[in-house]
Amino acid sequence: MFDRERAIFCFSLALLLSCFAQPSTKADALYIGAGAYIADINAPQLDEQDFAPAGFIGYQVLDTPLLMFSLEAGFYDLGEASTGSGELRASFDASALTFAGVAYLPIGPFFEIYGKAGLARLSLDSELGSASFNDDSTDPFLGIGAAFDFFDTVDIYAEYLRFDNSIDSQMVGVGIRLDFF
């Protein structure tokens, strides 16, 4: 029986391979983006929100009137939170390097919705009292979003991301994406 990580990995791989099996009618190719997010951190004794920036670079491999698909690498600051003081202090600082497949569904000439699935290399630094811990792991992440296309090269987007890590990170944010070529 597949666990959730393997199922997400298999789905992402199948979607990626299916894109290479179909000819691309047009691809904008390279794009970059950046956003501002509110990160929700849920950990033992903590339920905090923090401002978190993010940036990414992607390459669109398929662009048809019915479906678009791209590969994307990014960096997401998952936020920082702390509570208490002295020996009762608990703090977390997390970030992620990501690699994902992004499938877009165009709705009209200027609007699209999308889903994002991939793997995140997570780095979590935590302190509990006087003890420090560093937890690095590779975990799946998922996201959904919507984008409004200006001038065919500038997109304004809003998205929700969920990282499957030990502090159960979730993010909601807005940003801009610039297409090249």
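**Overall fold**

The model is predicted, so local features need pLDDT of at least 70 and side-chain atom pairs count only at pLDDT 80 or more, while totals for chains, interfaces and linings use all residues. Residues are numbered from 1 along each chain as its sequence is written, and side-chain values use heavy atoms, with hydrogens and water left out.

- Along the sequence, the elements follow the pattern α-β-β-β-β-β-β-β-β.
- Of the 181 residues in the protein, 42% are buried (buried means under 20% relative accessible area, exposed over 50%, partly exposed in between, with a 1.4 Å probe and protein chains only).
- Among contacts between residues at least 6 apart in sequence, 57% join residues at least 24 apart; contact means heavy atoms within 4.5 Å.
- The accessible surface comes to about 9700 Å², and 66% of this area belongs to carbon and sulfur atoms (Shrake-Rupley method with a 1.4 Å probe; for residues, only the protein chains shown count as cover).

**Nonpolar core**

- In soluble globular proteins, nonpolar side chains tend to be buried together.
- The largest nonpolar core has 25 residues, of which Y37, Y76, L78, L161, F163 and M171 touch the most other members; such a core is a set of buried Ala, Val, Leu, Ile, Met, Phe, Trp, Tyr and Cys residues joined through side-chain atoms within 4.5 Å.
- At least two residues of this core come from each of β1 (30-43), β2, β3, β4, β5, β6 (131-150) and β7 (154-163).
- With six residues, β4 gives the most to this core.
- Apart from residues up to four places away in sequence, Y76 touches Y37, P53, A54, F56, S95, A96, T98, K116, E159, L161, F163 and M171.

**Largest pocket**

- The largest pocket holds about 290 Å³ of space. On a 1 Å grid over the protein atoms alone, a pocket is an open set of points with protein on both sides within 12 Å along at least five of seven lines, a cavity is a set where a 1.4 Å probe fits but cannot get out, and lining residues have an atom within 4 Å of a point.
- Its lining comprises 21 residues, with D63, M68, E112, D149 and D152 nearest the centre.
- The elements giving two or more residues to this lining are β2 (46-63), β3 (68-83), β4 (90-107), β5 (111-128) and β8 (170-179).
- By class, the pocket lining has eight nonpolar, four polar and nine charged residues (Ala, Val, Leu, Ile, Met, Phe, Trp, Tyr, Cys and Pro count as nonpolar, Asp, Glu, Lys and Arg as charged, and the others, Gly among them, as polar).

**Cavity**

- One cavity of 30 Å³ or more is found in the whole structure.
- The largest cavity contains about 40 Å³ of space; a volume is the space filled by probe spheres set on the grid points, which are joined across faces, edges and corners.
- F56, E72, V102, Y104, Y114, K116, Y157, E159 and R177 line the largest cavity, and β4, β5 and β7 each supply at least two residues of the lining.
- This lining has five nonpolar, no polar and four charged residues.

**Loop between β7 and β8**

- S169 is found in this loop and counts as buried because its relative accessibility is 1%.
- Beyond its neighbours within four places in sequence, S169 is in contact with D40, L78, L161, R162 and F163.
- D164 also lies in the loop between β7 and β8, and counts as partly exposed because its relative accessibility is 29%.
- The C-alpha atoms of D164 and F141 are separated by 6.0 Å, although the two residues are 23 residues apart along the chain.

Key
Helices (H or I, at least four residues) and strands (E, at least two) are DSSP runs, numbered from the N terminus.
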